[in-house]
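These are my notebook entries on a structure that I am consulting for the first time.

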Amino acid sequence: MNVIETENITYYYEGAKTPSMKGVSISIRKGVKTVILGANGAGKSTLFYHFNGVVKPKEGVVKVMGEPVSYRKKGLTALRSRIAVVLQNPDDQVFGQTVETDIAYGPRNMKLPESEVKERVEEALFQTGLGDLRDKNTLQLSYGQRKRLALAGALAMKPEVLIMDEPTAGLDPQMALELMELAEQLHHMGTTIVISTHDVDLAYAWADEIHVLRRGELIFSGNSEDFYSDPMAVHSTGVMQPSMFVINNNLAAFRGEDPAPYPRTESQLVSKMVSGPKGRMTAIPVGTDTDAAALGRILDGRGDSKVGVFGTVSRRMMYDSSLPADYVFNGFESCMGECLMGRDSILVCDRDSISLIESKIQRLKDFGTEVGFEVRA
Ligand SMILES: Nc1ncnc2c1ncn2[C@@H]1O[C@H](COP(=O)(O)OP(=O)(O)OP(=O)(O)O)[C@@H](O)[C@H]1O
Ligand SMILES: [Mg+2]
């Protein structure tokens, strides 16, 4: 099923001689991790303005959940409660006086009961690490903080489709990692996530499907490898091949092997390269109700095993209670790196991410690695 589709849309900005969107027909499929790739000025943001009805195409149709978009106020309010777009520039989106009131704006507009609004605001503050700034004037936030705030506002809508325009641009590396981890969790729990970027490494690691724009035209839709295997197409788009893709191809050529399966993550790449006995990964599931002292006692018995963290709730608990962790960020990849080297590791992870971790481990089998995994009760 397509959550969003455009049929042959064309758009000119006021006074422009050339179109910024030229006959674009694109389908965003439900539950598919999607990336819109393109150089500066390719039309990524313009496409996203069509997705939430901020602009109306001069020609063509935009359909959401199979229905043409209604551009009346009521239709747009309903649309934006299902499709949330986090704009590239937070200044276009952050209007509230304080962090808290800004996040509450969307849910209040949806006329949700105040108790529900409060709950959603708390959750979004938590997910974006803005809790300490809840009363702060939005004009006094840093750029990255405003970017997080724009995301918080979108999360509070609990949308079916979350669209993020250049989500990691301007964020510090840790926040960028946290954001992508959160995106992975949300995807796992059923939200369709669409990201625009010109960061090919990010796009390659994340996307199940990519759509490539060049000067307002859609020139490719499909699998990443099919696109990156065509150097002319890649260069004319104004991007580069992802480093993981290049490294894997070079290694395969050197070894005289087929480059497939294509690794997208560090652990997948290393899996292809190392043989020998593997360590075990033990996951410790954590929820907001977990007793931090009890968790601390479990970790006291960690011996030589390295400890990693995965997920917002876990990271907050480890941080607030000063519990020992070797890998606070990129915890899954780092712990898996330990296992691939033959050492055991412990992953403290959000309870609702256990099945996500399992699927990541399952996926490694395609790359020749079987790692023992257990969940500590
Ligand atoms: N408000 C505007 N008025 C006139 N032209 C615009 C406006 N906004 C964008 N454009 C033009 O439309 C084209 C597409 O711009 P858009 O912002 O969608 O690109 P983008 O892919 O998001 O780029 P970036 O990577 O820089 O964010 C560009 O040629 C740009 O100059
Ligand atoms: Mg843009």
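Entry 1, a helix pair. I began with H3 and H4, which are oblique to each other, a word for angles that are not under 35 degrees (roughly parallel), over 145 (roughly antiparallel) or 65 to 115 (roughly perpendicular). Helix H3 covers residues 99–109 and helix H4 residues 114–127; they pack at an angle of about 130°, with axes 9 Å apart. Axes are lines fitted to C-alpha atoms, for helices over the stretch in contact, and angles run from 0 to 180 degrees between N-to-C directions. Helices (H or I, at least four residues) and strands (E, at least two) are DSSP runs, numbered from the N terminus.

I note that the model is predicted: local features need pLDDT of at least 70 and side-chain atom pairs count only at pLDDT 80 or more, while totals for chains, interfaces and linings use all residues. Residues are numbered from 1 along each chain as its sequence is written, and chains are lettered from A and ligands numbered from 1 in the order in which they are written.

Entry 2, the residues between them. From H3, Glu100, Ile103, Ala104, Pro107 and Arg108 meet Glu116, Val117, Arg120, Val121, Ala124 and Leu125 of H4; contact requires C-beta atoms, placed from the backbone, within 7 Å. I found 7 nonpolar, no polar and 4 charged residues in this contact. Ala, Val, Leu, Ile, Met, Phe, Trp, Tyr, Cys and Pro count as nonpolar, Asp, Glu, Lys and Arg as charged, and the others, Gly among them, as polar.

Helix H11 (residues 266–273) and helix H14 (residues 331–340) pack at about 10°, their axes 9 Å apart. H11 and H14 are therefore roughly parallel. Glu266, Ser267, Val270 and Ser271 of H11 meet Glu333, Met336, Gly337 and Leu340 of H14.

Which residues of H11 are buried? They are Ser267, Gln268, Ser271 and Lys272; buried means 20 or more other C-beta atoms within 10 Å of a residue's own, exposed 12 or fewer, and partly exposed in between, with C-beta atoms placed from the backbone. The buried residues of H11 pack against H14 and helix H15 (354–364).

I located a cis peptide bond between alanine 260 and proline 261, with omega about -5°. Proline 261 is in the loop between helix H10 (243–255) and H11. Asparagine 8, in strand E1 (residues 2–11), has a positive phi near 55°. With 12 C-beta neighbours inside 10 Å, asparagine 8 counts as exposed.
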